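Good morning, and thank you for coming. I would like to take you through a few features of the structure that is now shown.

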Amino acid sequence: MTTIKLKPKRDNPTRHRHPWIFSGAIAEVKGSPQRGETVAVTNDHGELLGFGAWSPESQIRIRMWDFGDCAPIDETFFNRRVQDALAIRSGMTSRFETNALRLINAEADGLPGVTVDIYDTTLVGQFTTAGAETNKHTIVKALMSATGATSFYERSDGDGRLREGLEQMTGRLAGDEPPNKIHIHEREVNFEVDVRLGHKTGFYLDQRENRRIIATYAQGQTVLNTFAFTGGFGIAAQAAGAAHVTHIDISGTALEQAKINASLNVNHEAVTFQKANVFEALRTYRDKAATFDIVVLDPPKFAETRSQTMKALRGYKDINLLGIKLVQQGGLLATFSCSGAIDPQLFRTMVTEAAHDAGRDVRILSELRQAPDHVEALSFPEGFYLKGLLCRVL
Ligand code: SAH
């Protein structure tokens with residue numbers, strides 16, 4: 001096995017179980033590791049720090065599988081990681097009354113580059129790093145046998161693969177071909193998921209608990225659901241008895257699925273679908289002096305990297321300023337950012353400035369975050385990405 005020696009004083013993050021080792025921390029490569037191969041990592045004195053996967057193309061050159069004087073990285077290791085991930089989530093399907101959960105959340109579950117969700121009996125996975133790709137079939141086998149799922153479908157079509165020098169790949173990896181549409185539920189709210197064409201693995205499971213919280217305020221209310229995707233927040237509000245829900249998304253395909261999802265739930269007469277750019281649609285509503293009891297802002301990631309933070313903040317502030325203006329006096333704003341580069345304090349400052357510019361007094365009711373099946377490891381703060389605020393707008 002290749003041994004990688006770190007530079008003096010560069011072993012601290014690894015000692016604290018942070019899984020990433022950047023190229024700049026490496027002093028010496030004793031061997032010529034293949035992409036995705038497991039390598040041993042030592043400090044400058046030759047003391048073993050653990051084992052990780054080699055990513056020659058990425059600035060994150062090694063992603064650690066395990067730390068210290070640990071067991072080999074083999075089938076038993078991956079089986080144990082899968083068992084641990086399932087144990088962390090035991091009872092969650094009944095607690096959250098759902099048949100759709102995130103089962104493996106990459107670094108936070110000790111499996112960098114591996115994201116797996118289950119929709120009913122279908123597993124859907126993304127393998128975004130060289131190490132994940134190299135060990136893909138072992139991980140798939142472990143998950144199929146531990147969950148009893150009927151199929152495993154791969155959605156390794158994100159841009160992360162390209163940064164690792166890997167081709168994008170989609171298709172069946174184990175079991176049967178998954179159904180075209182999979183019926184899932186979150187409590188009494190029904191959705192259909194297209195695991196082949198939907199974003200990420202097909203659905204935004206990270207917002208599950210936030211959909212539920214917002215739905216508890218929705219009865220008899222008018223709701224503007226921006227960046228609706230397949231309906232998410234708006235469908236939950238509809239099912240909870242909203243007076244009317246307006247969904248806006250730029251994607252016609254997403255809205256077609258949102259229409260189907262609306263039809264699978266009660267109270268589906270009171271719904272409108274608008275194919276539009278949210279930035280423009282919010283301005284049009286403002287110019288017409290329209291108002292809503294609840295405005296939901298759930299944009300895509302505006303900042304892919306830290307260098308895009310300032311530009312992203314301008315985008316977030318723009319929609320928050322317009323969104324706040326559209327909230328009926330005493331109504332609610334639910335606003336989110338899924339950019340890891342925007343931390344909760346920065347996010348709050350942005351909303352504060354938007355409220356100030358809108359001339360409205362805003363009170364925070366709840367701080368919102370990713371659902372608990374999207375676990376976070378204390379040693380890997382980068383894994384906390386989804387943050388939101390539920391506010392009263394006076
Ligand atoms: N709220 C959704 C997830 C939103 S994902 C849920 O709970 O499931 C982000 C969505 O924003 C995508 O569907 C994408 O098509 C849409 N989108 C991205 N940019 C947009 C824009 N400028 N205007 C309207 N929709 C946009």
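This is a predicted model: local features need pLDDT of at least 70, side-chain atom pairs count only at pLDDT 80 or more; totals for chains, interfaces and linings use all residues.

Let me begin with the second largest pocket, which holds about 240 Å³ of space. A pocket here is an open set of points, on a 1 Å grid over the protein atoms alone, with protein on both sides within 12 Å along at least five of seven lines, and lining residues have an atom within 4 Å of a point. The volume is the space filled by probe spheres set on the points, which are joined across faces, edges and corners. Of the 16 lining residues, Asp-194, Leu-197, Gly-198, Thr-253 and Gln-257 are the closest to the centre of this pocket. Strand E13 (189-193) and helix H9 (252-263) are the elements that give two or more residues to the lining. Helix H9 gives the most, with four residues.

Residues are numbered from 1 along each chain as its sequence is written, and side-chain values use heavy atoms, with hydrogens and water left out.

Next, two individual residues. Arg-211 is part of helix H7 (residues 208-215); helices are DSSP runs of H or I with at least four residues, strands are E runs of at least two, and both are numbered from the N terminus. Is Arg-211 buried or exposed? At 3% relative accessibility, Arg-211 is buried, where buried means under 20% relative accessible area, exposed over 50% and partly exposed in between, with a 1.4 Å probe and protein chains only.

Thr-309 belongs to helix H11 (residues 309-326). Thr-309 is also buried, with a relative accessible area of 12%.

Finally, the aromatic rings. The whole structure has 12 aromatic pairs. In Tyr-285 and Phe-292, the ring centres are 5.3 Å apart and the planes stand at 85°, so this pair is edge-to-face. Rings of Phe, Tyr and Trp (its six-membered ring) pair if their centres lie within 6.5 Å; planes under 30 degrees apart are stacked, over 60 edge-to-face and the rest tilted. Both Tyr-285 and Phe-292 are buried. Elsewhere, Trp-20, Phe-22 and Phe-380 form one aromatic cluster.

Key: On a 1 Å grid over the protein atoms alone, a cavity is a set of points where a 1.4 Å probe fits but cannot get out, and a pocket is an open set with protein on both sides within 12 Å along at least five of seven lines; lining residues have an atom within 4 Å of a point.
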